[in-house]
Amino acid sequence: MSSSSLFSSGRVGNLLLSNRLAVAPMTRVSASEKGIPGERMQAYYADFARGGFALVVTEGIYIDSAWSQSYAFQAGMINTEQTSAWRKITDAVHAQGGHIFAQIQHSGALSQGNNYLEGTVAPSAVRPKGQQMTFYRGEGQYPLPRELNNHEIENIIDSFADAASRAVIEAGFDGVEIHGAKWLSSGPVLH
């Protein structure tokens, strides 16, 4: 892609972007303990829009009060307080002429801290390879997750839909990105 194409307008679905510069999701670990994004996150995201990025994609946002939280101080999208705080961020990005997508996620077997429930869950009871990361306040091996049943998987699907709806309708996001990772015997493969 030539530099002239990079700075020309483009579309993501029906959303017209002033250029093709986008900020990829990067973990911040800077929400409150209750998953509420604050002024620090607002300034962080608004600065990218002020700097000319047409699209900003947030860090991973957890989607339920069960097992979706991945680490301490991760932002959520599960209640009015969290959603209202995200609205301040989307408003700040929009005021700078940018657009913002919410990246929503479920931690599965890779959770390293959850304020809601003990343990981890996954489609299968297979321990992830590797060590938890101290950056996320993890330590040692990942625990062996409990295998989810069909009803729990359906609840997680519903939680993704609910969080996506709250993100767009209540928090003012321009779109939603669903974080996904596929585990192989050698570790994660991101798609």
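Predicted model: local features only at pLDDT ≥ 70, side-chain atom pairs only at ≥ 80, totals over all residues.
Reader: Hi! Which strands make up the open sheet, and in what order?
Author: Hi there! The open sheet has four strands in the order E3-E4-E5-E8, and their pairing is parallel. Strand E3 (22-23) and strand E8 (175-178) stand at the edges with a single partner strand each, so one side of each has no neighbour in the sheet.

Reader: How many bridges join E3 to E4?
Author: Two bridges join E3 to strand E4, which covers residues 55-62. As a landmark, Val-23 stands opposite Val-56 in E4.

Reader: And how many residues of E4 are buried?
Author: Eight of its eight residues are buried, so E4 is largely enclosed by the rest of the structure.

Reader: OK, helices next. Which strands does H2 lie across?
Author: Helix H2 (residues 39-50) lies across E3, E4 and strand E5 (99-105), and runs at about 155 degrees to E4.

Reader: What about H4, which strands does that one lie across?
Author: Helix H4 (residues 150-170) lies across E5 and E8, at about 160 degrees to E5.

Reader: Why would residues a few places apart point the same way?
Author: An α-helix has 3.6 residues a turn, so residues three or four places apart point the same way.

Reader: Nice. What comes after H2?
Author: H2 is followed by Gly-52, which has a positive phi near 105 degrees.

Reader: How far does H3 span, end to end?
Author: The end C-alpha atoms of helix H3 (residues 80-95) are 22 Å apart, and this agrees with the 22 Å that its 16 residues should span at 1.5 Å a residue.

Reader: What sits at the start of H3, and what comes just after?
Author: At the start, a side-chain oxygen of Asn-79 reaches to within 3.2 Å of the backbone nitrogen of Glu-81. Just after the helix, Gly-97 takes a positive phi of about 85 degrees.

Reader: Which H3 residues are buried, and what covers them?
Author: The buried ones are Gln-82, Thr-83, Ala-85, Trp-86, Ile-89, Thr-90, Ala-92 and Val-93. Their cover includes H2, E4, E5 and H4.

Reader: Thr-90 is a polar one. What does its side chain reach?
Author: A polar atom of the Thr-90 side chain lies 2.6 Å from the backbone oxygen of Ala-171. Thr-90 has a relative accessible area of 0%, so it counts as buried. Leaving aside neighbours within four places in sequence, Thr-90 is in contact with Ile-100, Ala-171, Gly-172 and Phe-173.

Reader: Which residues have the most contacts inside the largest nonpolar core?
Author: Those are Met-41, Tyr-45, Ile-61, Met-77, Trp-86, Ile-100 and Phe-173, in a core of 26 residues. The elements giving two or more residues to this core are H2, E4, H3, E5 and H4. Apart from this core lies another of six residues, among them Leu-17, Ala-54, Val-57 and Phe-101.

Reader: What does Tyr-45 touch?
Author: Not counting residues up to four places away in sequence, the contacts of Tyr-45 include Arg-28, Val-56, Glu-59, Trp-86, Ile-89 and Ile-100.

Reader: Switching to loops. Where does Thr-27 lie?
Author: Thr-27 lies in the loop between E3 and H2.

Reader: Is Thr-27 buried or partly exposed?
Author: Thr-27 is partly exposed, with a relative accessible area of 32%. Beyond residues up to four places away in sequence, Thr-27 touches Glu-59, Tyr-71 and Tyr-136. A polar contact of 3.5 Å joins the side chains of Thr-27 and Tyr-136.

Reader: Last one: which residues have a positive phi although they are not glycine?
Author: Two to look at are Val-29, at about 50 degrees, and Phe-73, at about 65 degrees. Val-29 is found in the loop between E3 and H2, while Phe-73 is in the loop between E4 and H3. Val-29 is buried, with a relative accessible area of 14%, whereas Phe-73 is partly exposed at 27%.

Terms used: Residues numbered from 1 in each chain as written. Heavy atoms only, no water. Pairing = 2+ DSSP bridges. Contact = heavy atoms within 4.5 Å. Axes fitted to C-alpha atoms, helices over the stretch in contact; angles between N-to-C directions. Expected span 1.5 Å × (residues − 1). Buried < 20%, exposed > 50% of the residue type's maximum accessible area, 1.4 Å probe, protein only. Polar contact = N/O pair within 3.5 Å; in protein donor to acceptor, adjacent residues only side chain to side chain. Core = buried A, V, L, I, M, F, W, Y, C linked by side-chain atoms within 4.5 Å.
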